[in-house]
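Hi,

Here is the structure I promised to pass on. My notes follow below it; have a look whenever you get a moment.

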Amino acid sequence: MGEASPSHPLLELTRARVLEFVREREAVFWVFVFPVLLALALGVAFRVRPVEKLRVGVVGDEGGQVTAALRAAADLEVVLLPDGEAEQQRRAGKLDLTVLCQRGEGGEGGVRLRLDPTRPESRTARLAVREALGGSTPTLVPILAEERVTAPGSRYIDFLVPGLVGLNLMGSGMWGIGFSVVVARTRKLLKRLAATPMRRSHYLLSFALSRLAFLVLEVAAVVGFGWVVFGVGVEGPLAVLALVCLVGALCFAGLGLLVAARPRSIEAVSGWMNLVMLPMWLLSGTFFSYERFPAVTHGAIRALPLTALNDALRAVMNRGVGLTATLPQLAVLGLWGIASFVVAVRIFRWQ
Amino acid sequence: MKRFGEVTAVAHLDLEVQRGECFALLGPNGAGKTTTVEILEGLQRQDAGSAELLGHRWGEGHDLELRQRIGVQLQDTQLGERLTVFETVRLFRSFYARGREVNETIALVGLTEKRHARVGKLSGGQKQRLALACALVAQPEILFLDEPTTGLDPQARLQIWGLVERFRSEGGTVLLTTHYMEEAARLADRVAIMDHGRIIALDTPAHLVASLGAEQIVEFEAAGPLPLERLAALPGVRAATRRNGTSTLEVAAIGEALPALLAELQRFGVGIQSLRTHQPTLEDVFIRLTGRALRDG
């Protein structure tokens, strides 16, 4: 068990951080369990329709033959809509599939199906529609073509899960670091460490490094849950998702250190934490899109670190973009992170 | 000198601690002991005057070297409760380029059996020995101890004293603050008595006690008042004081003073409720110098 030579102080400080965190059961709950429960509650609450009924829009069915065939299928809810309206509803996730009727050249008619194959409901609807229209012999209505329109992120849960990942990275970074620093200060542990030859930047860096140790688990808990329970996939490369999470976590580690740099009591640091985080809870598009705020505010909202993180996460998870498309958000996060770390080191109160 | 706003915590302090010496700052709470050691530890900056440690001053480019060479135990530092004893000492060991092996240090302070216990589960005395381990793991030349045994039971206090004596026997220098006169008398080669930010006496414990010129201290409580001048004028008595109804006589010759005191009490018809005599201590020196007891604060 004994070690002859001492290991690097940064390693030891980080190890101490990680052990202290893991041994604090409440913190583990708030970081890992709470966001999953939140996703479950919101995901269930905002389910637009029951799972069993698949909503299919029918456009231009003059003879009524298609509508009648579809209505015969038990698990389909059929609505007749003009083309524009149907497309709008499909994009909004209110329709799982659109059936576009065409009068054929030689008297024989047919339909085109328009759907988003990345949505599980749409794939189910496709099967149901195909069966209703052509499953029995003879074929009632020929299916001429299938238009695959990929519009991922159309469900609320698709929008929500990346937001929760971002929110969780912010919360665990800020609270996790802010509280440990201020507790160490009130217990005079910071002063005791300041009396050793420990490099002060090592102490602060150990917080950032210990955050990385939990990052994988933290993100995997929420993303994995969203995938298994609600079928929220990651459309883009996992490596880019990992990079976005990494930069986001480091950014909030820096902000957490900055907020905790001066306060002498838990009450004071809690107040500052809320002051910093509450605006981002509301503005940064975690639970609803910030597009709902007036357009003039969008620039400022996008400059907030949580907005940048949420936007980048949604781009990767929902829209499947690559690294290049997330560079502006990564830059915003990087700037916040570096600036707050540098200021935190300067103004840090050791006793 | 060090000021905190309007309050001057320490003023006109002039002292020198020799290598290999154990030097104690003795005084009540608020006397400026902690401020003095923290200036020497480089944790506070003095407003005026200078402090030199191992040939260097703080803030002149040798801070890291100085920190490598000193071991510090602060007043009421609470180490992380969720780490174990071993993890805590290992963490502190990693800060020092040279130092003692972790398990050896834990054995030194007698915590081997508690090696894997969480800090939060330790008793007060064990926590204090762990704090000492965090200082000793650096194998320091100077050990700073700020009230190392405050709040500990007598047995835990003896264990800490044993550790300090062992460190000294290996050639270490100790600067200690305490408000226990037994602690200063037992551990220190020299004692500076502090009150209100000043040193009011500085000498070896034996010389300080001898400066009273008293062979014995007589304390008694009487049913009625006796004029202090009469008591001080009794044969064999050097000085008389009274606090909270207890009269204290510094007695040069107990054989003369005691019969004379009893005769005086009888003459005034005052009954005696209690009477004690003891060898003079640093406590009596402090009372003589300040008119207060150390524990009165």
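Which residues have the most contacts inside the largest nonpolar core? They are Leu257(A), Ala24(B), Leu26(B), Ala133(B), Ala184(B) and Leu282(B), in a core of 135 residues. A nonpolar core here is a set of buried Ala, Val, Leu, Ile, Met, Phe, Trp, Tyr and Cys residues joined through C-beta atoms within 7 Å; buried means 20 or more other C-beta atoms within 10 Å of the residue's own, with C-beta atoms placed from the backbone. α6(A) gives the most to this core, with 15 residues. Another core lies apart from it and has 23 residues, including Leu76(A) and Val111(A).

Before you go further: this is a predicted model, with local features needing pLDDT of at least 70 and side-chain atom pairs pLDDT 80 or more, while totals for chains, interfaces and linings use all residues. Residues are numbered from 1 along each chain as its sequence is written, and chains are lettered from A and ligands numbered from 1 in the order in which they are written.

On to a helix (a DSSP run of H or I, at least four residues, numbered from the N terminus). In α10(A), Val269(A), Met273(A), Met277(A) and Met280(A) are buried. The buried residues of α10(A) pack against α6, α9 and α12 of chain A. After α10(A) comes Gly285(A), with a positive phi near 70 degrees.

Finally, the contact between the chains (C-beta atoms within 7 Å) takes 26 residues from chain A and 25 from chain B. On the chain B side, α3(B) gives the most, five residues.

Best wishes

Technical notes: A residue is buried if 20 or more other C-beta atoms lie within 10 Å of its own, exposed if 12 or fewer, and partly exposed in between; C-beta atoms are placed from the backbone. Helices (H or I, at least four residues) and strands (E, at least two) are DSSP runs, numbered from the N terminus. Two residues are in contact if their C-beta atoms, placed from the backbone, lie within 7 Å.
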